[in-house]
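Subject: Structure handover

Hello,

Here is the structure for your files. My notes on it follow below.

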Amino acid sequence: MTLFHGSSVVVEKPILDYSRKSLDFGPGFYTTENREQAIDFARKVALRYEQGARSVCIYDYDIEAAKNILEILIFSGPDRLWLDYVHQNRHGRYKGKSYDLVIGPVANDDVYAALIVYEQGILNAEQTVEALKVKKLYSQYVFKTDRALSFLNFVDSFDPGVVS
């Protein structure tokens with residue numbers, strides 16, 4: 001399987017220590033199967049750090065071999081369990097089971113808006129999940145341990161252009 005990672009630098013060997021803590025699936029190395037999403041994320045990272053450079057790294061991942069060894073949490077869509085997991089991680093409150101790899105929908109810009117409305121109490125969990133089901137959500141693969149990263153192999157990188 002091919003995975004992509006958007007950044008402002010080339011990441012041949014991911015290091016988990018550099019991960020931000022309050023992301024959708026908590027700290028980890030975030031990748032996606034969607035090339036365009038990785039390009040968009042590279043643009044956002046470059047803007048956040050005020051660097052013009054963007055880089056999209058390409059990796060090969062042997063998911064079948066990983067399934068036999070790793071503890072993997074898979075969310076097939078934006079359901080109540082996914083919403084609770086994302087909400088707890090974004091607020092640094094997840095205290096549940098630890099996983100090597102978490103796979104599930106990306107909370108993109110549309111999803112962020114729904115999560116904010118949920119967090120403000122305007123929508124309840126069921127209403128939020130229903131609202132998210134109509135969105136086209138791409139999957140993210142979040143490597144949370146070095147053991148999970150050991151199955152990830154850097155292939156190449158490309159520069160999708162300079163942020164203007």
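One aromatic cluster is made up of Phe25, Phe75, Tyr85 and Tyr94. Rings of Phe, Tyr and Trp (its six-membered ring) are paired if their centres lie within 6.5 Å; planes under 30 degrees apart count as stacked, over 60 as edge-to-face and the rest as tilted. The count by this rule is eight aromatic pairs.

This is a predicted model, in which local features need pLDDT of at least 70 and side-chain atom pairs count only at pLDDT 80 or more, while totals for chains, interfaces and linings use all residues. Residues are numbered from 1 along each chain as its sequence is written, and side-chain values use heavy atoms, with hydrogens and water left out.

Two of the pairs in detail:

The ring centres of Tyr61 and Phe143 are 4.8 Å apart and the planes stand at 80°, so this pair is edge-to-face. Tyr61 belongs to strand β3 (residues 55-61) and Phe143 to strand β6 (residues 139-143), so the pair ties together parts 82 residues apart in sequence. Tyr61 and Phe143 are both buried (under 20% relative accessible area; exposed is over 50% and partly exposed in between, with a 1.4 Å probe and protein chains only).

Phe75 and Tyr85 make a tilted pair, with 5.4 Å from centre to centre and 45° between the planes. Phe75 sits in the loop between β4 (72-74) and α3 (80-90), and Tyr85 in helix α3, ten residues apart. Phe75 and Tyr85 are buried as well.

As for the whole chain, it has six helices and seven strands (DSSP runs, numbered from the N terminus: H or I of at least four residues for helices, E of at least two for strands). Their order along the sequence is β-β-α-β-α-β-α-β-α-α-β-α-β. The radius of gyration, taken over C-alpha atoms, is 16 Å, close to the 15 Å that the globule rule gives for 164 residues, so the chain is as compact as a globular protein of that length. That rule is 2.2 Å times the number of residues to the power 0.38. Along the principal axes, the C-alpha atoms fill a box of roughly 45 × 45 × 25 Å.

Of the 164 residues, 45% count as buried. Among contacts (heavy atoms within 4.5 Å) between residues at least 6 apart in sequence, 86% join residues at least 24 apart.

Regards
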